[in-house]
Protein chains: 2
Amino acid sequence: MITLWELRGKGGRPYSLFSWRTRMALKHKGLDFASQPVKMSDKAAIAFSGGKTVPIIKDGETVVRDSWKIAEHLEDRYADKPTLFGGEIGRGVTQAFNTWVDRVVVPAMMPVIVADVHERVDPGDETYFRQQFEGFLKCTLEEARTRRPHALERVQKVLEPLHAAVKRQAFICGSAPAYADYILLSVLQWARVTSPPDIFDSSDPLYGWRSRMLDLYDGFARNIPTA
Amino acid sequence: MITLWELRGKGGRPYSLFSWRTRMALKHKGLDFASQPVKMSDKAAIAFSGGKTVPIIKDGETVVRDSWKIAEHLEDRYADKPTLFGGEIGRGVTQAFNTWVDRVVVPAMMPVIVADVHERVDPGDETYFRQQFEGFLKCTLEEARTRRPHALERVQKVLEPLHAAVKRQAFICGSAPAYADYILLSVLQWARVTSPPDIFDSSDPLYGWRSRMLDLYDGFARNIPTA
């Protein structure tokens, strides 16, 4: 059995962006896991990992932290299960995609949803969250909320290059989903679980892609309480 | 023998961005080809293809146009040669990368080099090139030149997410180059062959990656007359 340390917000909602990559990767591999919820501010709870962030997994005696390293661990240890990368070239290009999502899509999404996320973190994390994210964004959460329309335009512009990709093929990874799809889904699931207004309307080419992703594994990502 | 229709500029320089993807893919597969240079304005010369742009290849009796379709053709027909995509997942993610490069990196690079490109197209294409690109950019070539410093900052910002990727691995595709590397190289080779100032200084993480790419196949891309 694998244990997954991940953030839990109000009402137990699993809202951690990067942990969703791990959740989907575990489902893809057909591996059961037990969730170990932690507060964002409780660094003592995850000090055993040697780091300060989730996701972390414990797989037998092996502890792995960082969503990318976890994906590589799962791919290598469970090589007989469905592949996340499809080989070395797929792994390389997926790593470049991972970098692009982390450096471009995540920072574009954050100001859109940050004030809503704050309302849905564990009550014990509210002060910590505000400090961290106001420092990161260099504005108050309330200012971020007033700027949401502009931020929404920006994230839609950043995602626009992917429209052509998902018009040509059902998933980022081709005719079936794999890890690059989970990377992108994680950002949209983060928004979905924490922020009431939808990022997409139904005419957006990524709306259909996200629906297909939410259907996977008996609606695993869909059947989570949303904002 | 495969024939490749591609743009030729002053002094026979092969400056066509998209044709460089095909050139590198052919080298990767170890396939010989004969170049068939055409002027950008001479649509009659390529009307046989059913389209108005290069690259086009004729492989036996099969005509294929569009660099992506050519890559898929080469991968499928020459499946016993080194792979460009590494399987279906790699092909899917590479297609998404291709879309990102075409919609984000190419439009960012164009205003940086466009005035220099104009000086190196076939003399018979100068008027056509100016019309096409001034329409596209909505400014004159001379205005584009004065805005080059700003455009250069923009293209460097757009490429920044890839820095972390090429620090973790030697190539976009991992430990060895494949088609996603050729997609990115094509944009930098377009700049290199047409515009004297280098886009990178030697401290740029992509400088080392580009050097490795230019070394491939006995310096195939390096040993082309540059601007």
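Okay, let's start in chain A: strand 1 (residues 2–7) and strand 3 (residues 56–59) pair in the antiparallel sense, over 4 bridges. Pairing here takes at least two DSSP bridges between the strands, and strands (E, at least two residues) and helices (H or I, at least four) are DSSP runs numbered from the N terminus. Leu4(A), for one, has Ile57(A) in strand 3 as its bridge partner.

Quick housekeeping: this is a predicted model, where local features need pLDDT of at least 70 and side-chain atom pairs need 80 or more, while totals for chains, interfaces and linings use all residues. Residues count from 1 along each chain as written, chains are lettered from A and ligands numbered from 1 in the order written, and side-chain values use heavy atoms, without hydrogens and water.

Now the whole sheet. In chain A, 4 strands form an open sheet in the order 2-1-3-4, with mixed pairing. Strand 2 (33–38) and strand 4 (62–65) of chain A are at the edges with a single partner strand each, so one side of each has no neighbour in the sheet.

Over to chain B, helix 2 (residues 67–77). Its buried residues (under 20% relative accessible area, 1.4 Å probe, protein chains only) include Trp68(B), Ile70(B) and Leu74(B). Asp66(B) caps the N-terminal end of that helix, with a side-chain oxygen 3.0 Å from the backbone nitrogen of Trp68(B).

Note on methods: Buried means under 20% relative accessible area, exposed over 50%, partly exposed in between (1.4 Å probe, protein chains only). A polar contact is a pair of N or O atoms within 3.5 Å; within protein, one must be able to donate a hydrogen and the other to accept it, and residues adjacent in sequence count only if both atoms are side-chain atoms.
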